[in-house]
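Subject: Model for your files

Hello,

Here is the structure you will be taking over. My notes on it follow below.

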Amino acid sequence: MKIFIVLIIRLYWILIPQSKRRKCIFKKSCSNHVFEITQKEGFIKGLKAFYFRYKNCRGNFSIFHNPIDNEIQMILPSQLVIGKEEIADRLIN
């Protein structure tokens, strides 16, 4: 089953040019992230990574400066807070 996810992602990369793909809010694109997780940790973890990214990469996020340490952070739709190192550069600059 792991091969199934990897094959679908590779087909996505081949069939849809990068210029036509939706821009990801994360530094590492959703397809790259799910591909790596699936390769390293297997089918179930890959599905969980896909579900998390799909649920949280759909707008309704908020970028803010944390008043305590003045770091840039993002609140995802699932209310998870992530740091600057995971946010796409195009959203920070």
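A polar contact here is a pair of N or O atoms within 3.5 Å; within protein, one must be able to donate a hydrogen and the other to accept it, and residues adjacent in sequence count only if both atoms are side-chain atoms. This is a predicted model, in which local features need pLDDT of at least 70 and side-chain atom pairs count only at pLDDT 80 or more, while totals for chains, interfaces and linings use all residues. Residues are numbered from 1 along each chain as its sequence is written, and side-chain values use heavy atoms, with hydrogens and water left out.

Asn56 sits in helix H3 (residues 43-56). The side chain of Asn56 makes a polar contact of 2.9 Å with the side chain of Ser78. A polar atom of the Asn56 side chain also lies 3.0 Å from the backbone oxygen of Phe52. Asn56 counts as buried because its relative accessibility is 0% (buried is under 20% relative accessible area, exposed over 50%, partly exposed in between; 1.4 Å probe, protein chains only).

There are also surface patches to note. Ile3, Leu7, Leu11, Ile14, Leu15 and Ile16 make a nonpolar one of about 630 Å². Ile16 is in the loop between helix H1 (2-15) and helix H2 (30-41) and is partly exposed, at 32%.

Asp69, Glu71, Glu85 and Glu86 form a negative patch. Asp69 is in the loop between strand S1 (62-65) and strand S2 (72-75), and is partly exposed at 42%.

Regards

Key: Patches are made of residues with over 30% relative accessible area and no salt bridge: like charges are joined within 9 Å, nonpolar side chains (Val, Leu, Ile, Met, Phe, Trp, Tyr) within 5 Å. Accessible areas come from the Shrake-Rupley method with a 1.4 Å probe; for residues, only the protein chains shown count as cover. A salt bridge is a side-chain nitrogen of Lys or Arg within 4 Å of a carboxyl oxygen of Asp or Glu. Lys and Arg count as positive and Asp and Glu as negative; His and the chain ends are not counted. The place of a charge is taken as NZ of Lys, CZ of Arg, CG of Asp or CD of Glu. Helices (H or I, at least four residues) and strands (E, at least two) are DSSP runs, numbered from the N terminus.
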